[in-house]
Amino acid sequence: MSSSHAAPSSKSVKFYSASLSAGAASDSKFVVDIVNRLEERNRLQVPIDGVDRTPANLAPPFFGEEAFVWSRFREQFHPLANDMEDATVPTADKPDGFDNFETQPNYEGVIDRRSPSLEAGQKTYHVKIRLTETDDIVLFESPSHVVSLDAEEAARVQEQNRRFETRPKARRTADAEAQTRDLPCKSRSVNTECIHRQDVASFVSNYDMYDTYNDLERHTKEINVADSASKLEITTYSREGMEDIDERLNRNANFHLSSMILQRLLAGNVYREQQIRFRNMYPPDPCREDIRYLYRLDVLWTYRTVETLGKPVASASWCPANGDIVALAYGIYGHTGSDDRGCGFVYVWNIKNPVNPERRYRFDCPVTCVAFSRRTPQLLAVGLYDGRVQVRDITDTTQTPLAVSNRDRFPVYQPIWDLKWVEFDNEGKDEVIAVSQNGWVMKYTLTIGQYLLPYPLLRLDRVEGTPEGQPSTGTSAPADQQPVRVQSDLHPQALCVTIHPVQKDKYYIGTDEGAVHWCSINDPFQHLGVLQMHSRGIFCLEYSPWSPRIFLTCSGDWSIRIWIEELPEPIVTLCTGFAPIQAAYWSPTNSTVIASVTRSGVQLWDLKRRSSKPASETTLGSLTTALTVVRFTNCGRCLLVGDAEGKAHVCALEDMPFPPHFQYRELQSALYGKLVTTPELLTRVKRMGYLGY
C-alpha cells in the first residue's frame, strides 16, 4: 500500500463478509479492485486491546479523481467494537456503523456519471451510506421537586415529607422571621373610608332666592379689558365673616407661580413663530438668490397693559444674563408732555409671555429710568421723579424693595434722569451712579441694611467761556451782536451718564447745554475734562462695541455725531431733518449699523452707505403717538421701541446686511470713507493708529 496518499487518522472502517463476497462476484473491474484492496486492508489490520492501531501509511491510495476516497470513510465513522468482528449486524442502538444491511440493494441499470472512464452500458457498484440521528445531548437539567397529588408516587412523597418533619432535628429549627424586621400590616378599611351617598330633593321659590341674595354681601368689581374701551363687571356674594377668595388667592405665592407658568404655555401657542424669530433660531441664508438690503422692521408683538395706558415708556433695560427678560419703566419722559404725575410702574416682561408681565412694581411717583446690574443680574436699579433711588430683586415675588436711598443722609429732590451700575471693582460692592436734574452726581452703595449708602461725587457747574469742541449757539456772531444770556440756574441738568468700557472708574455725563463732562470715581469733586459737542441737550452717549475710543452722541439739535477720543471735532455727523433725536445706539452684531428714534419714527443708519439720510425710517403706532425709547436686544437681531402711550414694540430686523467677519476693520474702512472730503482730519485719524480692542 502507498503511504503518500494516506490521511493521518486513528479511525477505520470494517466491511462485513457478506458485502465483500457480493462485490467479488460483480463483473465490474472497478468494484473487484476495491474489494481486493479492502481484503488486503483487513489482513494488514493491527488491533491492540480491541482498538484498531493500523499505521496510517498502510491505507489504500485514491481510486480515480472523484470516485472513492478512503479518508472520507475514516472521517465519517468511528472504529467498531470488538464484538462486531464476527460479522454480526449492528443494532439500532449503535449508529456508529452501517445499520440494517441484511439485504443488498439492486443497482442494475445505474450509471455512474462521475466516472467518465466507464462505458455507458457497464454496471457499477455503489456503497450505501445512511445518516442516522444521534442521541440527545443534555446540557442542563433541572428536575422538578414538586409532585402532583394525582401522580402515582404522590403517596410515597407525602410519606417522605411527613417523616422529614417529624424527625427529632426538625424541632430545633427557627423560623426565618426571627432574622428579619417585623412588617406592620394595615387592613384596607384604615386606608379608605366608605363614601355614603344620599339623594336629597328640595324646592326653592323665586322669593326665597331673592331674600337669600339680599342677605349676602354684594361686591362688584370692574376689570379693564385690554384693547377695548369697555369694562367687565364681576359681582361676587359672600356671607358676613367669610374671607374673600380673591384676596386669599392673591396672597398665595404658589397660585401666582402656577398662573405664570400656565400663561407662558398659553402664550406659546399664539406667539411660537415670533419667539423662534426673536431667538434667531433660523438665521437668514447668505447664499440665497433674493437677498435685498431693505433695513426693514417687522413687529413681533407689543407689550401693553391697561394700567400703563397713557404713561410713556421712560426707559428700558435688557437683563445681561438672560436676553428674554426686559424691564420697562412707565411714568414721565423728560421730553414728552404728561399731565398724570401721580404714580409710576416698573414691569418686568418675558418673551415667553408677551401678554402679561411677570413682575409688577408700583410707585407713588413717576419712574424715569431703570438699569440691570451686570455683576448681579437679578438686581434692578430704579430712578424716580422725586429724586429717590431703589434697588429691586426680581427673584423676590414680594413688593418690598431690597434697598432705598436715604434722604436723611443726603437729600435729593430733583428727578433722576439716568443711572448706571458701577463696574469698577471696589471690594466686590454693588454701586450705582445716578445723575439728577440739579446737577448732582451721586454714588449709592448697596449695604446689608435697608438703605443705600449715598456718596456725592460731583455737582456740575455751567461752562464759562469758550470750551473746546463745537461752537455753541450764538458764539459765531460778533461780540456786539451776541445775545445777552441770563442764567436761570448755575448748575446744568445731567441728562445721561456712561461708564468707560475699559477704564471702569471713568464716566461721562451729558448735560442740557450740549457739553460732556468726564470725571473719575477715584477723584471726586474734580473734572478731568469738558468738551462742547452739541448746541442742545445731549440725550444719549454710547461707546462702540468694537472700539473703546469711538463713541456717538445724540442731541436735540437734530444730529448724531461720532467722535474719537482726543479729537475735539466729530468725524461723522448724521442728521434726520427737523426732529430731535431722543436715543441712538450701536448695533451689537454689525459695527456700522446705528439705530435712532425721534418722535415720528425709528431710523436705521449704515455708515457704509450714504450718511445724508438714514437707510430706512419706520413709523410705529399712530402718527400722533410720539416714540420715546429704542434699545437693541442682546443678540442684536431685534429692536425694542417704546412710545408715549405706554406701548413697547418688539421688532425684528429683516433684510439687514450680514455681519462682517472683521468688525473693527469694517468700521474703520467706513469711517475712512466718510473722511475723504476732509483730508486733514483723515490724516489725523490715521496717525492715531489702531483704535480697537
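This is a predicted model: local features need pLDDT of at least 70, side-chain atom pairs count only at pLDDT 80 or more; totals for chains, interfaces and linings use all residues.
View A. Residues are numbered from 1 along each chain as its sequence is written, and side-chain values use heavy atoms, leaving out hydrogens and water.

**View B. Aromatic pairs.** Rings of Phe, Tyr and Trp (its six-membered ring) pair if their centres lie within 6.5 Å; planes under 30 degrees apart are stacked, over 60 edge-to-face, and the rest tilted. The count comes to 16 aromatic pairs. In one of them, the ring centres of Tyr271 and Trp301 are 6.4 Å apart and the planes are at 80 degrees, so this pair is edge-to-face. Now look back at Trp558 and Phe578: with centres 5.2 Å apart and planes at 70 degrees, their rings are edge-to-face too.

**View C. An aromatic cluster.** Tyr271 and Trp301 belong to one aromatic cluster, whose members also include Phe278, Tyr303 and Trp318. Trp301 counts as buried, because its relative accessibility is 3%.

**View D. Charges over rings.** A charge sits over a ring if NZ of Lys or CZ of Arg is within 6 Å of the ring centre and within 35 degrees of the ring normal. Find Arg631 over the face of Tyr585, 4.7 Å from the ring centre. The charged end of Arg665 is over the ring of Phe662, at 4.2 Å from its centre.

Technical notes:
Buried means under 20% relative accessible area, exposed over 50%, partly exposed in between (1.4 Å probe, protein chains only).
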